[in-house]
Amino acid sequence: MVRRASHLDRQRWHAIRLLLLLATAWCANLHIEAFLFGNRFSCRSPSARLHRQAVQRYASSGSTRPSSGMPEAKKLASLNALIVGAGPSGLLLAHRLLEAGASVEILEARSDPRSPEAAMEGRAYALGLGIRGRTAIRTAGEDLWEAITPSGFGSERFKLHFSPTFSIDLRTPDDANGLEPSLLIYQSDLCAAMLDRLESLYLESGRLRISFASRVTSLDPLTGTAIVHSRYTGERSLAPADLVAGCDGVNSVVRDSIAASCESFAVEKKPLPGNLKVLRFPRMPEKLDASSVHAIPGKAGTSAFVEPTAKGGCVLINWRDGPSSGSSDEGRSESLGDLTDAYQARDTLATYFPLLEDLIDEDAGRQFVSQNVSRAATVKCNTYHYGRAVLLGDAAHSTGGVSGQGCNSALQDSAALADLLEESSGNVKHALSAYSRRQLPEGHALLELSMGPGEESGAFKKALYAAANFVGTLLHKIGIGEPSLQTMMTTTLTPISELRRQKDFFFGEFPSNEEFQAVIEKTSR
């Protein structure tokens, strides 16, 4: 027995040493966090115990639907809300406000996601709805979640590829411990399902108006007045709204209006390196597990992130601009952005990603060259409200897709704002102030955890943080140690700010809630 135990100990030590060596090499060459955990999805290794604890904490924190003697349908009966942006967060907020009796107008600059021309219009990618997003959606009722799920694909499998012939499973269904799998769904399909449900419930009530292809050209956050230009009907002025919700993404018009009106409002918007295009396949590539998410390195520093969906497969092609045209480096990745011919794109992509070659045909080439290049950016604000205007999702705290939590955190914003409005019986000033106090620490924490320690932490701590996250994920996979940070972010409802404070060693001290409140009060009006 002693010899057998010693043999097992040696085997475990050799396994740990191999993982450490693997982590070191990987971190040095491939920017682990952005590649492994970024681009709309992340690997998961949930713990049922941690999940139950987080749900209990969420239920006791006041973040669930409030209850009172007043019927919920009457709480916000006098509220007129303008929601700018018909993405997932804007549509969830609309569901919640309408259910509580408010009147809602939704403005969306893009086309209706249910129309054929909208298929590749900024909503082409698939995203993963984890525990945070699912819980937020369910605050509008289980029926809404049931309307969404047929359009998605449940998956708890994640493969990391090191070459066309070698990969490892970082996540399998056995790791789920009975928890509901993440739902992989195209953003366009998610919005379409939420819109269908919204219109079926409220379109005939007279309290809902939706305008697509309608862009806000002027907005006063103090009075709630706006001027809108429609592609179809031209310009019109809107009556003052009690609440203006900016759910309009990284390039938020609502945020710009706050910045123009409030001298103490500060926003940092930073572009991230790299480029992105999306391919939609009718099925998953035959060389890949059709039930798994795959992270695949390509030639010249490119990468592909492949997700199964209810309609086939979604592939995010990532690359960074390469050396200047005078360089002789072979296969510079800049050439992906230069491609304009569908046949050339087909041949180049098949060469860069041999695991996908059976589906990289002329249609895939046309998809690639017909798209504009997407470039991500981060957004950080010092408050999320001013006057009657409030910011949610990427308009308030974009991580550029690095954390895989963008949609989930945006949906949490919507649920939190609706809760606070109902708790205050429509007192907008009180609710918006409470919203900033609650969500600002969450947004700052998510951005920091997504991007990793800054330059002020030093090169050693930055490298140690990346290595600790990667190795911790692998070790927890074989039953050693606590769940990784990414697991805690994606499979529990533990506040992100609490997770960030646990990482002060790497990042430095995170501000207290009192310090956040002091900053918010400087911009309050």
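**Cysteines, a helix and an aromatic cluster**

Tutor: The structure, which is a predicted model, holds 0 disulfides. Cys407 is accordingly in no disulfide, and the nearest cysteine sulfur, that of Cys191, is 7.9 Å away. A disulfide requires two cysteine sulfur atoms within 2.5 Å. Cys407 is buried, because its relative accessible area is 16% and the limit for a buried residue is under 20%. Cys381 is likewise buried, with a relative accessible area of 2%.

We turn now to the aromatic rings. A pair of aromatic rings is described by two quantities, the distance of the centres and the angle of the planes. The count comes to 9 aromatic pairs. One of these is formed by Tyr465 and Phe507: the ring centres are 5.0 Å apart and the planes stand at 80°, so the pair is edge-to-face. The reasoning rests on a cut-off, since planes over 60 degrees apart count as edge-to-face. Tyr465 belongs to helix α15 and Phe507 to helix α18, which covers residues 504–507, so this pair ties together parts that are 42 residues apart in sequence. Both Tyr465 and Phe507 are buried.

A further aromatic pair joins Phe505 and Phe506, with 5.2 Å from centre to centre and 80° between the planes, and this pair is also edge-to-face. Phe506 is buried, with a relative accessible area of 13%. Tyr465, Phe505, Phe506 and Phe507 form one aromatic cluster.

The surface also deserves attention. Phe505, together with Phe460 and Leu464, makes a nonpolar surface patch of about 340 Å². Leu464 lies in helix α15, which runs over residues 459–477. The relative accessible area of Leu464 is 33%, so this residue is partly exposed.

Helix α4 has 12 residues, numbered 88–99; at 1.5 Å a residue they should span 16 Å, and the end C-alpha atoms are 17 Å apart, which agrees. Helix α4 is mostly covered, as 11 of its 12 residues are buried. Among the buried residues are Pro88, Gly90, His95, Arg96 and Leu98. Just after α4, Gly101 takes a positive phi of about 100°.

Notes:
Residues numbered from 1 in each chain as written. Predicted model: local features only at pLDDT ≥ 70, side-chain atom pairs only at ≥ 80, totals over all residues. Heavy atoms only, no water. Buried < 20%, exposed > 50% of the residue type's maximum accessible area, 1.4 Å probe, protein only. Patch = residues over 30% accessible without salt bridge, like charges linked within 9 Å, V, L, I, M, F, W, Y side chains within 5 Å. Areas by Shrake-Rupley, 256 points an atom, 1.4 Å probe, with all protein chains shown as cover. Salt bridge = Lys/Arg side-chain N within 4 Å of Asp/Glu carboxyl O. Helix = DSSP H or I, 4+ residues; strand = E, 2+ residues; numbered from the N terminus. Expected span 1.5 Å × (residues − 1). Phe/Tyr/Trp six-rings, centres within 6.5 Å; stacked < 30°, edge-to-face > 60°.
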